[in-house]
Amino acid sequence: MPEELRLQADFLQLLERDNPLCEISEWVWSELQRGSRDRNHPWNLGCISTVERQNSGELLPRSRTVVLRGVDTRSRTLDFYTDGRSAKVCSLLDPNVTPRVCWLFYRHETRVQVRVDGRCEILARDQAEEYWKSTPSDSHKLYATKDPPGTRMENQLPNDPEYDFDRAQDHFFVVRTRVENIDLVSLSSKGNRRLTIEYEDLSLPARLSWRTP
Ligand SMILES: Cc1cc2nc3c(=O)[nH]c(=O)nc-3n(C[C@H](O)[C@H](O)[C@H](O)COP(=O)(O)O)c2cc1C
């Protein structure tokens, strides 16, 4: 069965269990973990949104796709890697904006949407170095452009930007989201479902509730 359909089938099966809310909560985290390890999993790619201050001072929502690189089910964190010069990192470092991010995982075939809210931290250099060492060297190019991401180019050729591989590691950032809230919606001919999982403190159990879809 394709990965997408399995995801939806698994979710529907959990509804039959004695304590579906708890089972679904555990399932969401184990699927996120699988997403971070398996490129073919529907949740390997997520969309993250941040609020960004424009030059005019206006705050605008901004979304983009990123690869889910790491999931820690115990500390309830999600990681992505990025270029520290990118607009999203600038917004997370803006002292006047709370460093919050909203992740969205969805593929048409799954009909299961997972929205995750959390607070972000950027890992310190020495911590990020561990992750840098484990990234394949061909992906170092992603962080090696001389100009920051988004700089205007004269033409479209992908080999045009100049690279400086000695600086690539300086631009490699690991962004960690500490999850505070998960909102899951499943659309199905057997009935639409919506539930939320709220975390107050790591030492406290999550608050689970069904919601009107
Ligand atoms: C399939 C796909 C995966 C991507 N993965 C990442 C990623 O893991 N990290 C990242 O910073 N950008 C990734 N990008 C590029 C971002 O979507 C975005 O264009 C870029 O990071 C600049 O975003 P910003 O200007 O809003 O900061 C990916 C794009 C695509 C299409």
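## Around the ligand

Three elements, β2 (59-67), β4 (77-83) and α3 (87-93), each give at least two residues to the shell around the ligand. The model is a predicted one. Which element supplies the largest share of that shell? The element is β2, with 4 residues.

The residues around the ligand can be named one by one. They are L45, R64, T65, V66, V67, Y81, T82, S86, A87 and K88. Sort them by class, and the shell holds 5 nonpolar, 3 polar and 2 charged residues.

Which atoms meet the ligand here? Start with R64. An N or O atom in the side chain of R64 is 2.8 Å from an oxygen atom of the ligand. T82 also uses its side chain: an N or O atom there is 2.6 Å from a ligand oxygen. With Y81 the backbone takes part. A backbone N or O atom of Y81 lies 2.8 Å from a nitrogen atom of the ligand.

How much of the ligand does the protein bury? Taken alone, the ligand exposes 620 Å². The protein buries 56% of that area.

## The largest pocket

Rolling a probe the size of a water molecule over the atoms shows where empty space is left. In this model, the largest pocket has a volume of about 480 Å³. A total of 25 residues line the largest pocket. Those closest to its centre are D83, L142, T145, P149 and G150.

Which strand gives the most to this lining? Again the name is β2, which gives 4 residues to the lining of the largest pocket. Both β2 and β4 supply at least two residues each. By class, the lining has 9 nonpolar, 7 polar and 9 charged residues.

## The chain as a whole

The protein chain has 5 helices and 9 strands. Read from the N terminus, its elements run α-α-β-β-β-β-α-β-β-α-α-β-β-β.

Along the principal axes, the C-alpha atoms fill a box of roughly 55 × 40 × 35 Å. The protein chain has 213 residues, and buried residues make up 41% of them.

## Two arginines with positive phi

Most residues other than glycine have a negative phi. Two arginines here call for a second look. R76 is not a glycine, yet its phi is positive, at about 55°. R76 sits in the loop between β3 (70-72) and β4. Is R76 buried or exposed? R76 counts as buried because its relative accessibility is 13%, and the cut-off for buried is under 20%.

R111 also has a positive phi, near 55°, and is a residue other than glycine. Find R111 in the loop between β5 (100-105) and β6 (112-122). R111 has a relative accessibility of 37%, so it counts as partly exposed. That class lies in between the buried limit of 20% and the exposed limit of 50%.

## A buried loop residue

N44 belongs to the loop between α2 (20-37) and β1 (45-53). Why does N44 count as buried? Its relative accessible area is 8%, and buried means under 20%.

The side chain reaches the backbone oxygen of G35 at 2.9 Å.

## Two exposed loop residues

S137 and E162 are both placed between helices. S137 lies in the loop between α4 (125-134) and α5 (168-171). E162 is found in the loop between α4 and α5. S137 counts as exposed because its relative accessibility is 58%. E162 has 53% relative accessibility, so it too counts as exposed. Exposed means over 50%.

How far apart are S137 and H41 in sequence and in space? In sequence they are 96 residues apart, and from C-alpha to C-alpha they are 23 Å apart in space. The other pair is E162 and A144. These two are 18 residues apart in sequence and 8.3 Å apart in space, C-alpha to C-alpha.

Terms used. Residues numbered from 1 in each chain as written. Predicted model: local features only at pLDDT ≥ 70, side-chain atom pairs only at ≥ 80, totals over all residues. Heavy atoms only, no water. Near = heavy atom within 4 Å. Polar contact = N/O pair within 3.5 Å; in protein donor to acceptor, adjacent residues only side chain to side chain. Areas by Shrake-Rupley, 256 points an atom, 1.4 Å probe, with all protein chains shown as cover. Nonpolar A, V, L, I, M, F, W, Y, C, P; charged D, E, K, R; others polar. 1 Å grid on protein atoms, 1.4 Å probe; cavity = no way out; pocket = protein on both sides within 12 Å on 5 of 7 lines; lining within 4 Å. Points joined across faces, edges and corners; volume = space filled by probe spheres on them. Buried < 20%, exposed > 50% of the residue type's maximum accessible area, 1.4 Å probe, protein only.
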